[in-house]
Amino acid sequence: MKRIIVFIDGDCTFCTRFSMLCLKFERDGANIYFSDLNLELSKEFLNKINYFGGNKSIVLFEDGKLFSQFDAIIELAKYLKFPLSLFHLLVYTPKIIHNYIYDIFSKNRYLFGKKESCQLLPDKFQERFITKKSDFHF
């Protein structure tokens, strides 16, 4: 079964809540996992696959392909139930427009809050957050 890994800014409250929302709306069998871009193991994995974008962008890795910024959100939407699945329709908008909007949001994401401590995850979601190197198997 293929795994989809979504890398998020773990310090960003909005990003963390978005990941929880995605897991609640995940389609059956989607197999979505999340990892914090700030973790050394995430940085090491992304460097290995030649991504050097830092922690300002959401990054999705699936079947050897890498998607970032709004492209990652559009790709992720394919694996989510309605209404979050509607984000996939934005694939038909010009990339320059949706990445411009994404850049504005990304620069202001800490307005939603910045975590000062580790967030406790519900037990049913804990296994979906990659925290150790052995979880990066494909």
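**Close-up views of a predicted model**

**View 1. K2, E62 and D63 are joined in a network of salt bridges.** A salt bridge here is a side-chain nitrogen of Lys or Arg within 4 Å of a carboxyl oxygen of Asp or Glu, and the structure contains five of them. This is a predicted model, in which local features need pLDDT of at least 70, side-chain atom pairs count only at pLDDT 80 or more, and totals for chains, interfaces and linings use all residues. Residues are numbered from 1 along each chain as its sequence is written, and side-chain values use heavy atoms, with hydrogens and water left out. Between K2 and D63, the closest N and O atoms are 3.6 Å apart. K2 belongs to the segment before β1 and D63 to the loop between β3 and β4, so the pair ties together parts 61 residues apart in sequence. Helices (H or I, at least four residues) and strands (E, at least two) are DSSP runs, numbered from the N terminus. K2 is partly exposed, at a relative accessible area of 36%, whereas D63 is exposed, at 52% (buried, under 20%; exposed, over 50%; partly exposed, in between; 1.4 Å probe, protein chains only).

**View 2. A salt bridge joins the side chains of R128 and E26.** The N to O distance is 3.0 Å. R128 lies in the loop between α5 (123-126) and β5, and E26 in the loop between α1 (13-24) and β2, 102 residues apart. Both R128 and E26 are buried.

**View 3. Five strands form an open sheet of mixed pairing.** Their order is β4-β3-β1-β2-β5, where pairing requires at least two bridges found by DSSP between two strands. The edge strands β4 (65-68) and β5 (129-130) each pair on one side only. Strand β2 (residues 32-36) pairs with β5 in the parallel sense over two bridges, and F34 is opposite F129 in β5.

**View 4. Helices α3 and α4 (residues 95-107) pack with their axes 9 Å apart.** The angle is about 105°, which makes α3 roughly perpendicular to α4 (65 to 115 degrees). Axes are lines fitted to C-alpha atoms, for helices over the stretch in contact, and angles run from 0 to 180 degrees between N-to-C directions. F70, D71, I73 and I74 of α3 meet K95, H98, N99 and Y102 of α4 (contact: heavy atoms within 4.5 Å). A salt bridge between K95 and D71 has its closest N and O atoms 2.9 Å apart. K95 is partly exposed, with a relative accessible area of 48%.

Conventions:
Parallel < 35°, antiparallel > 145°, perpendicular 65-115°, else oblique.
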